Amino acid sequence: MDISFKDLSNKQIAKNSLFLYIRMALIMIMSLISVRVILRALHVEDYGIYNAIGGVVTSLSFLSTVLAGASQRFFSYSIGEKNVSNLNKDIGSILFGYVIIIALIIILAETFGEWFVLNRMNFSTEKHIDIQWVFQFSLVTFIINLMSAPLLALIIAHEDMRYYSIISISDGALKLFVAIVLYIIPEQRLIAYPGLLMMVSIITLSFYYIIVKKNILI
């Protein structure tokens with residue numbers, strides 16, 4: 001496995017900044033449009049149910065950012081030292097840690113989390129089946145996003161924001177597409193929406209993997 005180690009020039013820093021600004025602007029625009037379309041498609045009640053249930057699952061989403069930041073520091077150090085062996089060890093150790101964390105989250109979510117959603121949150125009993133589907137889809141989406149964190153850390157440690165921006169913009173575009181598709185689905189939109197978001201997360205994870213495999217870890 002060969003890694004290209006290059007010092008960032010002023011030109012590269014300027015490019016990275018430009019990519020990040022473009023990413024921020026486009027994602028903001030797509031998010032504003034998506035929220036408006038989704039609210040019209042789900043209506044107030046189902047939109048509120050989704051946000052309430054998704055909020056229980058994604059309340060741990062800060063873990064993804066924290067873990068990605070911690071992982072990036074190890075990757076950056078090994079890349080800066082041009083030590084491929086240490087980088088491989090770091091990747092293996094961090095992935096093992098992620099497996100343990102994901103297993104613990106699944107156990108906690110499928111026991112206490114599901115019980116709390118179904119028994120302590122005030123929902124109509126006729127919505128219980130829909131709520132279970134939303135909870136499970138949201139949990140899988142969260143796990144997939146957590147699995148993307150070490151790949152994101154590798155991309156950022158490589159200090160080329162082009163890849164990060166492209167994937168983020170693609171993710172936002174796919175979510176906007178989901179919102180449009182949701183609007184034309186005739187029924188079961190409350191279940192369809194988190195299911196489609198789960199598919200978007202799988203596609204985004206695939207993008208991360210392909211870019212890391214082909215452009216960073218050759």
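Trainee: Where is Met 28 found?
Mentor: Met 28 belongs to helix H1, residues 10-58, a helix being a DSSP run of H or I with at least four residues, numbered from the N terminus. This is a predicted model, in which local features need pLDDT of at least 70 and side-chain atom pairs count only at pLDDT 80 or more, while totals for chains, interfaces and linings use all residues. Residues are numbered from 1 along each chain as its sequence is written, and side-chain values use heavy atoms, with hydrogens and water left out.

Trainee: What makes the meeting of Lys 127 and Asp 46 a salt bridge?
Mentor: Their side chains come to 2.9 Å, N to O, and the definition asks for a side-chain nitrogen of Lys or Arg within 4 Å of a carboxyl oxygen of Asp or Glu, so the pair qualifies. Lys 127 lies in the loop between H3 and H4 and Asp 46 in helix H1, so the bridge ties together parts 81 residues apart in sequence.

Trainee: Why does Lys 127 count as buried?
Mentor: Its relative accessibility is 15%, and buried means under 20% relative accessible area, exposed over 50% and partly exposed in between (1.4 Å probe, protein chains only); Lys 127 therefore counts as buried. Asp 46, at 16%, is buried too.

Terms used:
Helices (H or I, at least four residues) and strands (E, at least two) are DSSP runs, numbered from the N terminus.
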